[in-house]
Amino acid sequence: MAPAVVSAAFRLPFATRRFSSSSSPRITFQHSTICIRHLRRITTASSMSQQTNEIDASNTAEKPDDVVVQYVVLRRDLIDSWPLGSVVTQGCHASVAAIWSFKDDPVTLQYCDPQHIDSMHKVTLEVKGETQMMNLSEKLKSGGISHKLWMEQPENIPTCIATKPYLKSQVSPFFKKLKLCK
């Protein structure tokens, strides 16, 4: 068996690393930022007195051309009728809210890691209006895609959707029929 390749940034205090004979790669961590590349059958365990979380590493290991991406979807009717800055602000609100809501997710941690902060990938798309925005939100919910539907207050207007960061291969099928925002 070839040894696992784990980034040098992957260090957990009071943790031990060991190879496992289990069939699915798993990593257990406490509260650290993780950068995983080509992880194969490795387990990290911490002392029993510390709370741990398990993550399926196959969901975070990158393929060479598979990047971590956040999708942001704006409403075309608002782009055409609101000031551009106001619409951009809606996208910013949704993006930050999605990142913060899923701040403990391992892919979000990887996306926001200082090593990757200057190479974030976002795809900004558009839907025609409110009905399409709400339909997309329902489609994402039913597909298990975590996202934030931004509601502008106090009017309670749905203005934008932002996903939490995902591997592009995991989430792109949900957005393939949408146009790039121009």
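1. A word on classes before we start: Ala, Val, Leu, Ile, Met, Phe, Trp, Tyr, Cys and Pro count here as nonpolar, Asp, Glu, Lys and Arg as charged, and the others, Gly among them, as polar. By that scheme, the lining of the second largest cavity has four nonpolar, two polar and one charged residues. Please keep in mind that this is a predicted model.

2. Strand β5 deserves a careful look. The strand spans residues 68–75, and eight of its eight residues are buried. Val68, Gln70, Val72 and Leu74 point one way, while Val69, Tyr71, Val73 and Arg75 point the other way. Is Arg75, with its charged side chain, buried or exposed? Like the others named here, Arg75 is buried.

3. Next, the neighbours of β5 in the sheet. Six bridges join β5 to strand β6 (residues 122–127), and these two run parallel. Three bridges connect β5 with strand β8 (residues 157–163), this time antiparallel. Strand β9 (residues 166–167) is also antiparallel to β5, with two bridges between them.

4. Over at β9, Tyr166 lies opposite Val69.

5. Val73 and Ile161 turn up again in the packing. The largest nonpolar core has 16 residues, and those with the most contacts inside it are Tyr71, Val73, Leu136, Leu140, Ile161, Val171 and Phe175. Strands β5 and β6 and helix α4 (130–142) each supply at least two residues of this core. Leu136 is a handy one to display: leaving aside residues up to four places away in sequence, Leu136 touches Val73, Val127, Ile161, Phe174, Phe175 and Leu178. There is also a second, separate core of nine residues, which includes Leu74, Ala94, Ala98 and Cys160.

6. If you are thinking about open space, begin with the largest pocket, at about 210 Å³. Of the 13 residues that line this pocket, Val72, Leu74, Val88, Gly91 and Thr124 are the closest to its centre. Elements β5, α2 and β6 each give two or more residues to the lining. The largest share, six residues, comes from α2. By class, the lining divides into eight nonpolar, three polar and two charged residues.

7. The second largest pocket has a volume of about 160 Å³. Arg76, Glu126, Val127, Lys128, Gln132, Lys177, Leu178 and Lys179 form its lining. How do these lining residues divide by class? Two are nonpolar, one is polar and five are charged. Val127 and Leu178 are the nonpolar pair, since Val and Leu both belong to that class; these two residues are also among the contacts of Leu136.

Conventions: Residues numbered from 1 in each chain as written. Predicted model: local features only at pLDDT ≥ 70, side-chain atom pairs only at ≥ 80, totals over all residues. Heavy atoms only, no water. Buried < 20%, exposed > 50% of the residue type's maximum accessible area, 1.4 Å probe, protein only. Helix = DSSP H or I, 4+ residues; strand = E, 2+ residues; numbered from the N terminus. Pairing = 2+ DSSP bridges. Core = buried A, V, L, I, M, F, W, Y, C linked by side-chain atoms within 4.5 Å. Contact = heavy atoms within 4.5 Å. 1 Å grid on protein atoms, 1.4 Å probe; cavity = no way out; pocket = protein on both sides within 12 Å on 5 of 7 lines; lining within 4 Å. Points joined across faces, edges and corners; volume = space filled by probe spheres on them.
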